[in-house]
Each structure stands twice: as C-alpha cells, then as structure tokens.
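Subject: Structure handover

Hello,

Here is the structure I promised to pass on. Please open it first, then read my notes below.

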Amino acid sequence: MTSAPAPRENVGRIPAYVPGKPPAPRPGLTTYKLSSNENPYPPLPGVVEAASRVVAEMNRYPDMGAVALYDALAARFGVGVGNLATATGSVALIYQLLQAFCDPGDEVVYAWRSFEAYPIAVTAAAATSVQVPVTVTGEHDLDAMAAAITDRTKVAIVCTPNNPTGPSVTHAALLDFLAKVPPHVLVVVDEAYVEFVRMDDPVDGLALQRQLPNVVVTRTFSKAYGLANLRVGYAVAEEPVAAALRAVSLPFGVSGVAQAAAVASLAAESELLERVDALVAERTRVRDGLTSIGWAIPEAQGNFVWFPLGERTLDFAAACQEVGVTVRPFAGDGARVSIGETEANDRILEVAKGFLG
C-alpha cells in the first residue's frame, strides 16, 4: 500500500496570511484602500525613471549581489556592506533569520497582537511561538517578554512601532530589555515604520546594533518610501549574522527594478521627509479627531491608527466598506486603519463618530 507525498507536519499548521482587501466598486463614489498601510503618495522623484531603465533589461538577471543598493545603504546609514542583507521586504528577512537560526522546536518570543506574519514565519521554520500579550494600551510588555525567555529561546522579536496597535517602545526600555536577554538569543528590532516615529526617547536601532552583537535591525522600502509593489527590505546585523541571512536567501530575490528604485529613493531623502511629515501631521489630525469624540485610541507611531473594538470589529469594517473605504479587521481584537488620502480619513472619522452611537 502506498501513501501520497506529505509535507512536513508543521506545514499543515502554518496560518494563512490575510492581506488587506481592496475596496469594492461604489458607483459615483471614489473608493479608498486603508487596509495595507500603503503610502498614498506616488513614487519619489526620479524613482520611476530609474526603475524604467531597468525594465528595458528584463531579459537579464538582476545583480545578485545588489552592489549598488548595498553601497547606497552602507553610505546612508554608516554601516559596513558586510553588515547588510537585502530581501523581498523586511518580512522575508525574518523568514530567513528563523530558517538560519532555529532548529525544530526552538522558541521565538514576540508580542501579540503584533505583525501577522510572525506566527507564519515561526511555524514555517518548525519553531515554536511564544506570544506575550500586549498591554491594554497596545504596548509591548517587555518585562513579560524577558520573563518568557527560556533555554529553548533562539529569537525574540520587538516590533516598534507595533503593527497593528501603533505604540513604539522607548530606547531606554529596549536597552533595559536587551540587558535581560542572554547573548546567544537574537533580538530582531523590526523597524518597518521607523520613519514615522515622533516621540521622546525613540529607539535608535542602528546604535543598539553597533553596541550589541545579538541585535538585528530590519527595515523596508514598502512603507515610507512607497515601494510596496517592488518588495525590497534590508537588515543590519553583525557580519556573521548578515552572512547567514544572505546564505539562505533566494538567488536573485530582489529584482533589478526594485534595486534601482530603492537606490533612487535613498537619493530623494528631502522629498521623502516632506511626505513623511505630511503623513504624520495627518495621523495627528485623525487621532486627535477620534479622541475628541470619545475614542480611546492607542498612541500611533506608524502610518496607521488602531481601533480596539473587540467583538464589534467586523461590524466596524463593514460600516467603513459601506462608505467606500476598506480597513484591516482582526476579528475579536480590533481594526487597523491606514492613514491615507484626506477624503478617506474624513470618512473614517464620520464612521467612527456614528459607531460610537
């Protein structure tokens, strides 16, 4: 008797990633997608032109070493090329890190609710998730996370600002947490939204990485830089750790178009900062509007706000859909709403006002 080919047992336990849905067409109404934390602005000046030049060479493989991108990142952030690894978004780097450092059954500690891809990546690596609940205000409980580290822990992940709840940890709090982490445990500081942070004592992930060899910083061009469609992220780590990330990476993973667009985006920093400042100002307007009508909205340090709705989450998402705006609901917990165009944000404020009754 023969049996069918079967994947590893852990593969059947991998939770599905649920992307943000696009809005359904509404006759006579402009619709908006606020479900994926996308940047509402078009590409930065010079980016389309740089990418288009590479499109004409699509019959050729991209530079597998991403030399121009590595050089641009090293120059911009004052790190060595050997301390860098790139991949298809920062999420790919987390997959690669777990693949490189976790044996089956090893533990990965992270806050929850946090980035939806973490439990997927952990399970795909045949590791074990240790989820530490966030506080009632959506913040990391770093003391509880430190207490959750055991002799089976290989990796701890700190998402700051935390997606989807919004708050960031402070540099002092993160440094205190790191002092409690054994040196053989890798700590990933996931800074996908770092450009949007406006707070006292913000985390300086790169400074921590220079100071502590078990710290890995991951960042992305998908959010502030507006390259979500091209999928390019980078990690900064000690050279042996960065080399391990590169070793398990998919050959030619970051396309030539993405590399060229990322290099051009780094060169347009002044325009980037203007756009980020505008989004932060709009974020403040939205959050202030919500709190003024009675919503208890957590501190927002990314390009989104979090509605802690509990069992009313799906009803809120449906109400937003009725006015032509999609949001990202997490059933039973809350809804994450990206900061988008002014009109879209105004509709969210109106729905939120009515939803309070």
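First, a term: accessible areas here come from the Shrake-Rupley method with a 1.4 Å probe. By that method, the protein chain exposes about 15,600 Å². Carbon and sulfur atoms supply 56% of that area. Please keep in mind that this is a predicted model.

**The whole chain**

The protein chain has 12 helices and 12 strands. Its radius of gyration is 21 Å, close to the 21 Å that the globule rule gives for 357 residues, so the chain is as compact as a globular protein of that length. The C-alpha atoms fill a box of roughly 60 × 55 × 50 Å along the principal axes.

Buried residues make up 52% of the 357 residues. Take the contacts between residues at least 6 apart in sequence: 73% of them join residues at least 24 apart.

On charge, the chain carries 27 positive and 38 negative side chains. The centres of the two sets lie 5 Å apart.

Look next at β8, residues 233-236. In a regular strand the side chains alternate between the two faces of the sheet. In β8, G233 and A235 point one way. Y234 and V236 point the other way. Are these residues buried or exposed? All four are buried.

Which strands pair with β8? One is β2, residues 84-87, which pairs with β8 in the antiparallel sense over four bridges. Another is β7, residues 215-220, also antiparallel to β8 and joined to it by four bridges.

**Helix α2 and its cover**

Helix α2 spans residues 67-77. An α-helix has 3.6 residues a turn, so residues three or four places apart point the same way. Which residues of α2 are buried? They are L69, Y70, A72, L73, A74 and F77. The elements that cover them include β2, β7 and β8, the strands described above. The cover also includes the helices α7 (205-211), α8 (239-247) and α9 (256-267). After α2 comes G78, with a positive phi near 65 degrees.

**Backbone points to check**

Most residues other than glycine have a negative phi, and most peptide bonds are trans. Here are some exceptions.

- The peptide bond from W112 to R113 is cis, with omega near 15 degrees. R113 sits in the loop between β3 (107-112) and α4 (117-124).
- The peptide bond from T160 to P161 is also cis, with omega near 0 degrees. P161 is in the loop between β5 (153-159) and α6 (171-180).
- A126 has a positive phi, near 65 degrees. Its place is the loop between α4 and β4 (128-133). A126 has a relative accessible area of 14%, and buried means under 20%, so A126 counts as buried.
- R231 has a positive phi as well, near 60 degrees. R231 lies in the loop between β7 and β8. At 30% relative accessibility, R231 counts as partly exposed.

Best wishes

Technical notes: Residues are numbered from 1 along each chain as its sequence is written. This is a predicted model: local features need pLDDT of at least 70, side-chain atom pairs count only at pLDDT 80 or more; totals for chains, interfaces and linings use all residues. Side-chain values use heavy atoms; hydrogens and water are left out. Helices (H or I, at least four residues) and strands (E, at least two) are DSSP runs, numbered from the N terminus. The radius of gyration is taken over C-alpha atoms; the globule rule is 2.2 Å times the number of residues to the power 0.38. Buried means under 20% relative accessible area, exposed over 50%, partly exposed in between (1.4 Å probe, protein chains only). Contact means heavy atoms within 4.5 Å. Lys and Arg count as positive and Asp and Glu as negative; His and the chain ends are not counted. The place of a charge is taken as NZ of Lys, CZ of Arg, CG of Asp or CD of Glu. Two strands pair if DSSP finds at least two bridges between them.
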